[in-house]
Amino acid sequence: MDKQAMFDVKVIPLIKREIIIENDKIKENIIENLSRDEIKNMSCKPRMLNRNSEDIYFAELPIQYHGTKIKWSLFYIFDELTEEEKIKYDQRSDYISVTKETVVELYTKKVRKKKK
């Protein structure tokens, strides 16, 4: 069986799971990695991490999405940020291994042709 190629993509997650060990007990905290203002002012759109039986990849956001569970799947691709953002958010970045290097476009816009 062939092993599928994996690519490490540098990302900035919207939320992170933080593990703390206190008094021999493991405690897990969920932290907001980016504030609402930071998200609102980003130069690019977040991408959604998708998994299926064959692939792990980033895709553009669905046209509509609701709920907080989706935040676990949202990331900014580091290479899509401006140089200033890369410097600012470098310490809050992480790497995710995926099977496709590029962002998959699932929701393309339909362009209506003008009638002559």
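This briefing walks through the cores, a surface patch, a loop and a tail-side residue of the structure above. You're looking at a predicted model, where local features need pLDDT of at least 70, side-chain atom pairs count only at pLDDT 80 or more, and totals for chains, interfaces and linings use all residues. Residues are numbered from 1 along each chain as its sequence is written, and side-chain values use heavy atoms, with hydrogens and water left out.

**Inside: the nonpolar cores**

- A nonpolar core is a set of buried Ala, Val, Leu, Ile, Met, Phe, Trp, Tyr and Cys residues joined through side-chain atoms within 4.5 Å; buried means under 20% relative accessible area, exposed over 50%, and partly exposed in between (1.4 Å probe, protein chains only).
- The largest nonpolar core has 13 residues, and the members touching the most others are I12, L34, M42, L74, Y76 and L81.
- Another core, of 8 residues, lies apart from that one, and V9, F58, I96 and V98 are among its members.
- Back to I12: skipping residues up to four places away in sequence, I12 touches N33, L34, F75, Y76, F78, L81, Y89, R92 and S93 (contact means heavy atoms within 4.5 Å).
- In soluble globular proteins, nonpolar side chains tend to be buried together.

**Outside: a nonpolar patch**

- On the surface, I19, I21 and I26 form a nonpolar patch, with about 360 Å² of accessible area together.
- Patches are made of residues with over 30% relative accessible area and no salt bridge, joining like charges within 9 Å and nonpolar side chains (Val, Leu, Ile, Met, Phe, Trp, Tyr) within 5 Å.
- A salt bridge here is a side-chain nitrogen of Lys or Arg within 4 Å of a carboxyl oxygen of Asp or Glu, and the areas come from the Shrake-Rupley method with a 1.4 Å probe, where for residues only the protein chains shown count as cover.
- I26 sits in strand 3 (residues 25–32) and counts as exposed because its relative accessibility is 68%.
- Strands (E, at least two residues) are DSSP runs, numbered from the N terminus.

**The loop between strands 2 and 3**

- N23 is in the loop between strand 2 (15–22) and strand 3, and D24 is in the loop between strand 2 and strand 3 too.
- Neither is glycine, yet phi is positive: near 50 degrees for N23 and near 60 degrees for D24.
- N23 is exposed at 73% relative accessibility, and D24 is exposed at 79%.

**After strand 7: V103**

- V103 lies in the segment after strand 7 (94–98) and is partly exposed, at 26% relative accessible area.
- V103 and E60 are 43 residues apart in sequence, but 6.7 Å apart in space, C-alpha to C-alpha.
- Leaving aside neighbours within four places in sequence, V103 is in contact with R47, F58, A59, E60, I77 and E80.

Key:
Helix = DSSP H or I, 4+ residues; strand = E, 2+ residues; numbered from the N terminus.
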